[in-house]
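Colleague: Please take me through one part of this model closely. I would like the disulfide and what surrounds it.

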Amino acid sequence: MTRLLATIILLTSTMPAAAQWLSLPTPGIPRTADGKPNLTAAAPRTADGHPELSGLWRPAGTSGDLRDPSKIQPWARELMAARERTYYKDGPHMQCLPNGPATIAGGGGGGLRRIVQSPSVIAILNGDLTYRQIFTDGRALEPDPLPIWMGYSVGRWDRDTLVVESNGYNGKTWLHTEGLGHTDKLRITERYRRLDFGHMELDVTYWDPGTFDSPLHVVAKLEYAADDELLETVCNEASEGGTKHWVGDKTADNSVTAVDVGSDLLAKYVGTYRGYWLDNPTTVVVTLENGGLILVRNNGKKSPLIAQSQTTFVCPTCQWGQPYVFTHEADGMASQVAEIQVSGAWIFKRVQ
């Protein structure tokens, strides 16, 4: 089976143990009378009067046309379709390589990020051990830099908005996990505006005349991740060798044969499960329709689950074709489901 070898291998991968400091309240932040973080308090400022952007931030939704195919040139659309047929196995995020600009606005490569601000440079640290440096010392971008994975960035203040210009991307990265590529002429403008203590708006524009017919635009919301911590995610370590077991073909998987599972057992898998994929909050809802299981991940599309054993199911129409493995007691409802990814077996616990 296309993905069952990956299931067997990845279920043996070591998941992160209980980490340090996750129960430690974030010091020095505003709190309400009952001790909860006050995310609507006034935004802090630095000694020189600029908004203070430092802190741990979590993506909280995006809008825009980054995924609008009408603005993408035919070659890029064709390449995206080819990448979908192989479950995006050649993507940087699957090959355990830096995600590049996908970390900026929730393109699928970015979760929690820590911003560290100083007068001359702002650093953005990501859980996959990549980082960005945004120089605010007045330097200009080089017109023809050596291309690299994470690009080069300079910033300036426009009143209370940090404006960041970036270039120098190597063309090997994607703009989102659905396979949208770009050339090494890509240029990105970001505008960071902290609305209050716990909320920031990020306005992003992508220019690449070799890939887009007109600039693409995204508005992302970020929320302060109070009482949390940035933990490292080492893709190649978690997946025991990256994508060597990632052998999928979506066309072949759509005709995979199902194993017979009794309706009584299927009913035990119905429910809502929650947990984290990487550092992204994830909800999986499983229902029973017409005698088969249907899965909805984070309010996305309905995807049928096809049984490969009494506990293991593949999801051919899911973005990555990932398998799901249920855990249940002999006479009880399933207590959890494991989503099998290149980065490991991610456990979602039943909440209802």
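Modeller: The disulfide between cysteine 315 and cysteine 318 is right-handed, because the torsion about its S-S bond is about 70 degrees. The two sulfur atoms lie 1.9 Å apart; a pair of cysteine sulfur atoms within 2.5 Å counts as a disulfide. A search of the whole structure finds one.

This is a predicted model, in which local features need pLDDT of at least 70 and side-chain atom pairs count only at pLDDT 80 or more, while totals for chains, interfaces and linings use all residues. Residues are numbered from 1 along each chain as its sequence is written, and side-chain values use heavy atoms, with hydrogens and water left out.

Both cysteines are shielded. Cysteine 315 has 0% relative accessibility, so it counts as buried. Cysteine 318 has 6% and therefore is buried as well. Buried means under 20% relative accessible area, exposed over 50%, and partly exposed in between, with a 1.4 Å probe and protein chains only.

Cys315 and Cys318 belong to a nonpolar core of 25 residues, which also includes Val284 and Trp346. Such a core is a set of buried Ala, Val, Leu, Ile, Met, Phe, Trp, Tyr and Cys residues joined through side-chain atoms within 4.5 Å. This core lies apart from the largest one, which has 34 residues.

Now the strands that follow in sequence. Helices (H or I, at least four residues) and strands (E, at least two) are DSSP runs, numbered from the N terminus. Strand β17 covers residues 334-341. Seven of its eight residues are buried, so β17 is largely enclosed by the rest of the structure.

Two strands pair if DSSP finds at least two bridges between them. Strand β16 (residues 323-328) pairs with β17 in the antiparallel sense, over five bridges. Here valine 325 has alanine 338 of β17 as its bridge partner. β17 also runs antiparallel to β18 (residues 344-350), and six bridges join them. Alanine 338 turns up again: its bridge partner in β18 is isoleucine 347.

For contrast, return to the largest core. Leu180, Tyr192 and Tyr206 touch the most other members there. Its contributors of two or more residues include α2 (74-85), β3 (121-126) and β9 (216-224). β9 gives the largest share, five residues. Leucine 180 is in contact (heavy atoms within 4.5 Å) with residues beyond four places in sequence, among them Leu66, Met80, Trp174 and Phe212.
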